[in-house]
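Reader: I am new to this structure and would like to learn how to read it. Could we go through it feature by feature?

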Amino acid sequence: MAATTPSVLFVGDTARDKIGTRGDGSPIFVAGGGVYYGGIACSSCGMSNVSVVTKCAAKDVPLYTADFARAGVKVTYLPSVESTQCEHAFPTGNPDNRVTVAVTLADPFTEGDITSLPNCPCIMLNPLYKGACPELLLPLLKKKTPFLAADAQGFVRCVEDTVMVRHPWQHMEQWLPYIDLFKIDSLEGELLTGSADLPSACRLLHQAGANDILATHQDGVFLSRKDGSLFEARWGSWKLEGRTGRGDTVTAAFITALLQKGLVGQEALNFAAEICTRKMQKAGPFWG
């Protein structure tokens, strides 16, 4: 681990995303994954001492090295036989209605991986599939930080015959209280609660034990507080090619607004939505 204590530590597997093929038939891969988009966005927003702990195959490390270095993000690559390789499609044009195929998966995080992490002000847990960071590790992560954020995808995205499908999070009432900021999108909100109305879904998640919730939808993002307050910010115009990494970016920007810029409530959410809108103008992470 890096000698300097990170301000924000992103934990999760990186992705190797296939975006096409060359003329000779060989695949074209680009870097991806929540810790990639989130870590770079967090640092590009002005957060100092951003670190990532990830798992990927050794052969794929060069795919990420230059971008993380450019952003000033310190990375620890834990060994894995494979990397998580994904292919994305948006069949309906709705950015929340995404089809993801997982060709290979990185090895799951272990208890030893988590106990070796440093204590730090914030940990953002963002695995790409259920089982990449088993729920039993949440109490260990919470012992490392006063502010644990986590993305719902790591608890509901299951791989079935290589296709990533979403299933309700069993026993979520046991695990939600460990998470200080829970990131969901509109489909996950309905999946977890049965309510297609996102604010209502957030209220039901609070009843199930969730603390603060960051909830994205096609037109913007809600911040639902456990105290009952609700804020919303809208995206500006955006492009579909910039959709991948939306949730990772808005969460990273929101964390930066809270911890680095001292913003709260509506101001913090407005900052995060503006950063995410700028990111969604093109493919790739937010560079500032």
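Reader: Which residues does I255 touch, not counting residues up to four places away in sequence?

Author: A contact means heavy atoms within 4.5 Å. By that rule I255 touches V8, M47, C122, M124, F147, A149, L181 and Q260, with residues up to four places away in sequence left out. Keep in mind that this is a predicted model, where local features need pLDDT of at least 70, side-chain atom pairs count only at pLDDT 80 or more, and totals for chains, interfaces and linings use all residues. Residues are numbered from 1 along each chain as its sequence is written, and side-chain values use heavy atoms, with hydrogens and water left out.

Reader: What is the general idea of a nonpolar core, and which residues have the most contacts inside the largest one?

Author: A nonpolar core is a set of buried Ala, Val, Leu, Ile, Met, Phe, Trp, Tyr and Cys residues joined through side-chain atoms within 4.5 Å. Buried means under 20% relative accessible area, exposed means over 50%, and partly exposed lies in between (1.4 Å probe, protein chains only). The largest core here has 43 residues, and F10, L214, V221, F254 and I255 have the most contacts inside it. Elements that give two or more residues to this core are β1 (8-11), α1, β4, α2, β8 (122-125), β14 (220-224), α9 (246-259) and α10 (265-279). The largest share, seven residues, comes from α10. Apart from this core lies another, of 35 residues, among them V11, A152, I184 and C202.

Reader: How many helices and strands does the chain have?

Author: Helices (H or I, at least four residues) and strands (E, at least two) are DSSP runs, numbered from the N terminus. The chain comes to ten helices and 15 strands. The radius of gyration is taken over C-alpha atoms, and the globule rule is 2.2 Å times the number of residues to the power 0.38. For this chain the radius of gyration is 17 Å, close to the 19 Å that the rule gives for 288 residues, so the chain is as compact as a globular protein of that length. Of the 288 residues, 55% count as buried. Among contacts with a separation of 6 or more, 64% are between residues 24 or more positions apart.

Reader: How many salt bridges does the structure hold?

Author: A salt bridge is a side-chain nitrogen of Lys or Arg within 4 Å of a carboxyl oxygen of Asp or Glu. The structure holds nine. In one of them, D180 pairs with K142, and the closest N and O atoms are 2.7 Å apart. D180 lies in the loop between α6 (172-175) and β12 (181-185) and K142 in α4 (residues 138-143), so the pair ties together parts that are 38 residues apart in sequence. D180 is buried, at 19% relative accessible area, and K142 is partly exposed, at 23%.

Another links E135 and K130, with the closest N and O atoms 2.6 Å apart. E135 is buried, at 15% relative accessible area, while K130 is partly exposed, at 31%.

Reader: How many disulfides are found?

Author: A disulfide is a pair of cysteine sulfur atoms within 2.5 Å. A search of the whole structure finds zero. C276 is in no disulfide, and the nearest cysteine sulfur, that of C45, is 9.8 Å away. C276 is buried, with a relative accessible area of 0%.

Reader: Is K144 buried or exposed?

Author: K144 is buried, with a relative accessible area of 15%. K144 is found in the loop between α4 and β9 (148-151). Leaving out residues up to four places away in sequence, K144 touches I114, T115, L117, P118, N119, C120 and I123.
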